[in-house]
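Reader: I'm new to this structure and would like a close look at one part of it. Could you start from a single residue and then take me further out from there?

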Amino acid sequence: MPARDTALKQLMRLITSVSEMKALTRGTRSRGKSVGLVPTMGALHKGHITLIRQAKQQCDVVVTSVFVNPTQFGPEEDFERYPRNLDKDFNLLSSYNIDTVFAPSTEEMYPEGFQTFVEPGPRGEIYEGAARPGHFRGVSTVVVKLLNIVQPDMVYFGQKDFQQAIMIRRLVEDLNLNVRLVLCPIVRDEDGLAISSRNGYLKPAQRESALALSRSLRRAEELVHSGESDARKILEEMRGMFKESSRIRVDYLAIVNPLSFEPVSRITTGTLALVAARIDRVRLIDNAILGPVGTSPEDLLQMALSAPAVSTTEARAPGIDAEAVMHKIEGCRDCAAISTILLPPREFMASYIKRDYPDLSSVRTAVIGRHATARVDNSFYRNNGRPNRFVTALYDLLGITTFAEFKKRFILTDVIQCHTSAPRVPDKAMHYCSRHLRNELSLFPNLESLVVLGEDAYLGVQRFLLERGPDKLQSFSNFMGSEGWVEERADISCLDNRSVRIFYCHHPSLGYQRSPSLASALAK
Ligand code: AMP
């Protein structure tokens, strides 16, 4: 191996074998570290680098895969001539302090006898799927393989391939894959062209023609910003931008719902405009999320991913903009850790508030659980507070006997807890995550007290709601003393600095110790 390769390999690990890759992440995870995966086909550029940067910010260890996947190319496509330059990629990655590059050979990924494919649903057959038959089947298959090999906590994709990202989101949901998706905005060159490994095919005159893609999207944005909401008129104007060059042929040009990909007639916040075109033999794609003037690319992504859920929310909280808060909750609950995460939507606060709390002002006490009490698969609300070990003990603690009584005065939520895979969630993700607890609490205008269940909730509330440094925290057992519960008063910033009583208790169904009933203390 040349000396330079050896030196690079010391900085970042180059792995080409599936078994070595599996062993490496198994070890990483067993040390409690989180793993992020950035799948690429190499020929790395600034677009890839934003994904890598985001992953570095959020995960302890980042694996970048470099694999030109043959199964996603059609027979007439550019698989053979697709740019490959591993040396250059390694050089670039080494300057970003990447931990691991996974660059398997085709034989390693598709050994002889390989025959199983992941078939995407109907959304894999429209737009890119229609233009490139079999493309999304190949993408789905390789993504599932990479996820199984690397076992990351987070996986990073670009908005540039928006349809791909939405399809993978579906795949993650449908196949119950244990990973969170993060979507990063499109990176463009100075002239506006979305950066792509295929831009290298373009000669200067072709590049000039290619600018019609981004210009048409820019035009759509301008029209929306000036108040136009008729998709037909916008499409007409966009189409006009392609008339200037005879060497460009539009494959498709559409304005769609960002999640269903169904064409829309009216633009709403988060609507997606997408385009694919051929400049001679070079095929390029691009898209833009339409929204209010001045919205950041990250917020636009969030709007595209969460707008439909918000629009169905009918909850109203007196005195606050419930929809705005709901928006954040949906976005954050779905994403758990950061602003631009895209995840399969989960039923959460919006749906149970709508159903169970017609009057948010009646709620006086928020019960903050250890975690997962409100999750889909373990939901107190979904099961209508049906007694189980936890629910019975909780009712005893609060001095009530039925779900109806519970809903009159209490809400149950979970402590700041990134819903990824808790043990490996980095602190910075927890900070993001704490936002949704604050948002939730601020929905209830007459909140007077918090009941905090168990050690994890104690630590979460102390650190992320009361913002006390870890050095100021006593161990839970010292803090609890012998009484069985501890009361303190604290001003809570998300509740307009109102003074709230906080009751710390032993968890009602975990551990060995039990707290006596809080009924009379809560009634005071
Ligand atoms: P590729 O190597 O083309 O398969 O792309 C790997 C990942 O990088 C995909 O998730 C792409 O969506 C993303 N990506 C490619 N180009 C860009 C770009 N210009 N901006 C943001 N992400 C990008």
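Reader: Let's begin with Leu175: is Leu175 buried, partly exposed or exposed?

Author: First, a word on the ground rules. This is a predicted model, where local features need pLDDT of at least 70, side-chain atom pairs count only at pLDDT 80 or more, and totals for chains, interfaces and linings use all residues. Residues are numbered from 1 along each chain as its sequence is written, and side-chain values use heavy atoms, with hydrogens and water left out.

Now to your residue. Leu175 is partly exposed, because its relative accessible area is 42%; buried means under 20%, exposed over 50%, and partly exposed in between, using a 1.4 Å probe and protein chains only. You'll find Leu175 in the loop between helix 8 (162–174) and strand 6 (180–184). Those elements are DSSP runs numbered from the N terminus, with helices being H or I of at least four residues and strands being E of at least two. Setting aside neighbours within four places in sequence, Leu175 is in contact with Val118 and Val144, where contact means heavy atoms within 4.5 Å. Val144 is 31 residues away along the chain, and its C-alpha atom is 9.3 Å from that of Leu175.

Let's move on to helix packing. Helix 2 (residues 18–30) and helix 7 (residues 135–150) pack at an angle of about 55 degrees, with 7 Å between their axes. Axes here are lines fitted to C-alpha atoms, for helices over the stretch in contact, and angles run from 0 to 180 degrees between N-to-C directions. That angle makes helix 2 oblique to helix 7: under 35 degrees counts as roughly parallel, over 145 as roughly antiparallel, 65 to 115 as roughly perpendicular, and the rest as oblique. Helix 2 brings Val18, Met21, Lys22 and Thr25 to the contact, while helix 7 brings Asn148, Ile149 and Val150. By type, the residues of this contact are four nonpolar, two polar and one charged. In that scheme Ala, Val, Leu, Ile, Met, Phe, Trp, Tyr, Cys and Pro are nonpolar, Asp, Glu, Lys and Arg are charged, and the others, Gly among them, are polar.

Next comes Gln151, in the loop between helix 7 and strand 5 (154–158). Its phi is near 50 degrees, a positive value in a residue other than glycine. Most residues other than glycine have a negative phi. Gln151 is partly exposed, given its relative accessible area of 38%. Asn497 has a positive phi too, near 60 degrees, and is found in the loop between strand 14 (485–492) and strand 15.

Now for the rings. A search of the whole structure turns up 21 aromatic pairs. Rings of Phe, Tyr and Trp (its six-membered ring) pair if their centres lie within 6.5 Å, and planes under 30 degrees apart are stacked, over 60 edge-to-face, and the rest tilted. Take Tyr127 and Phe261: their ring centres are 6.3 Å apart and their planes sit at 50 degrees, so this pair is tilted. The two are 134 residues apart, with Tyr127 in the loop between helix 5 (106–109) and helix 6 (128–131), and Phe261 in the loop between strand 7 (248–256) and strand 8 (272–279). Tyr127 counts as buried at 17% relative accessibility, and Phe261 is buried at 2%. In Phe380 and Tyr381, the centres are 5.1 Å apart and the planes at 85 degrees, so that pair is edge-to-face. Both Phe380 and Tyr381 are buried. They also belong to a cluster linked by ring pairs, along with Tyr357, Tyr395, Phe403, Phe406, Phe410 and Phe444.

Tyr395 shows up again in helix 14 (residues 389–398), among its buried residues. Seven of the 10 residues there are buried, so helix 14 is largely enclosed by the rest of the structure. Those buried residues pack against several elements, including strand 11 (365–369), helix 15 (403–409) and strand 12 (410–414).

Last stop: Arg198, in the loop between strand 6 and helix 9 (204–225). Arg198 is buried, with a relative accessible area of 16%. Beyond residues up to four places away in sequence, Arg198 touches several others, among them Phe73, Tyr82 and Arg132. Two of those meet each other as well: the charged end of Arg132 sits over the ring of Phe73, 6.0 Å from its centre. That label needs NZ of Lys or CZ of Arg within 6 Å of the ring centre and within 35 degrees of the ring normal.
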